[in-house]
Amino acid sequence: MSTQATRPPDTLRADVNVNKILTTGLAFACHYAAARPDCQVLASVRYGRTALCTSCDQRRSTTGKGTPPIRLPHPHALLQVAAAHDACQQAAAVLRDAVTSARQAGHPWSTVAAILGVTRQAAQQRFAQNSTSERFHDHLT
Ligand SMILES: [Zn+2]
């Protein structure tokens, strides 16, 4: 059994976002990412070619003290963007399901559109599935 199975889903999601940020080269990985359990993984400072997270930077030994730090943009701001994007995608899926349920319950596109604050056409274009029966049904409602 994987140790990840016991971790909360939001932690797993955060790990996925950390990996995405690292693999796309949007941030540096901490030099100790694989070695220290308390490492924050995403680097916030560099000393020459060695990147460190905030936690590992605070634990830094005297080695390399002569090298001036290069502060990196705070990587956790990127995680916040990724988390907000995830939340938007989840909300969009919930909205799609709700619109589908409303349509299946017999509510016309005009009613769904009124709740969404868009035109009937806009609601249909966004949410109608590309099926003949749906298009035929649209003419009736
Ligand atoms: Zn670290």
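**Note on the predicted model**

1. The chain holds 6 helices and 3 strands, where helices (H or I, at least four residues) and strands (E, at least two) are DSSP runs, numbered from the N terminus. Read from the N terminus, the elements follow the order α-β-β-α-β-α-α-α-α. This is a predicted model, in which local features need pLDDT of at least 70 and side-chain atom pairs count only at pLDDT 80 or more, while totals for chains, interfaces and linings use all residues. Residues are numbered from 1 along each chain as its sequence is written.

2. On confidence, the chain has an average pLDDT of 84, and 81% of the residues score at least 70; pLDDT is the predictor's confidence in each residue, from 0 to 100. Among the elements, α4 has the highest mean pLDDT (97) and α6 (residues 132-140) the lowest (51). Over residues 1-5 the pLDDT falls below 50, and this stretch has 1 contact in the model beyond near neighbours in sequence, a contact being two residues whose C-beta atoms, placed from the backbone, lie within 7 Å.

3. The 3 strands make up an open sheet in the order β2-β1-β3, with antiparallel pairing; two strands pair if DSSP finds at least two bridges between them. β2 (50-52) and β3 (69-71) are the edge strands, each with a single partner, so one side of each is left without a neighbour in the sheet. Neighbouring strands are turned against each other by 25° on average, direction ignored. Between β1 (residues 45-47) and β3 there are 3 bridges, and Y47 has P69 in β3 as its bridge partner.

4. Helices α4 (residues 109-116) and α5 (residues 120-127) pack at about 95° with their axes 8 Å apart, the axes being lines fitted to C-alpha atoms over the stretch in contact and the angles running from 0 to 180 degrees between N-to-C directions. That makes α4 roughly perpendicular to α5 (65 to 115 degrees; under 35 counts as roughly parallel, over 145 as roughly antiparallel and the rest as oblique). On the α4 side W109, S110, V112, A113 and L116 take part, and they meet R120, A122, A123 and Q124 in α5.

5. One backbone detail deserves a check: V41, in the loop between α1 (9-23) and β1, has a positive phi of about 70° although it is not a glycine. Most residues other than glycine have a negative phi. V41 counts as buried because it has 22 C-beta neighbours inside 10 Å (buried: 20 or more other C-beta atoms within 10 Å; exposed: 12 or fewer; partly exposed in between; C-beta atoms placed from the backbone).
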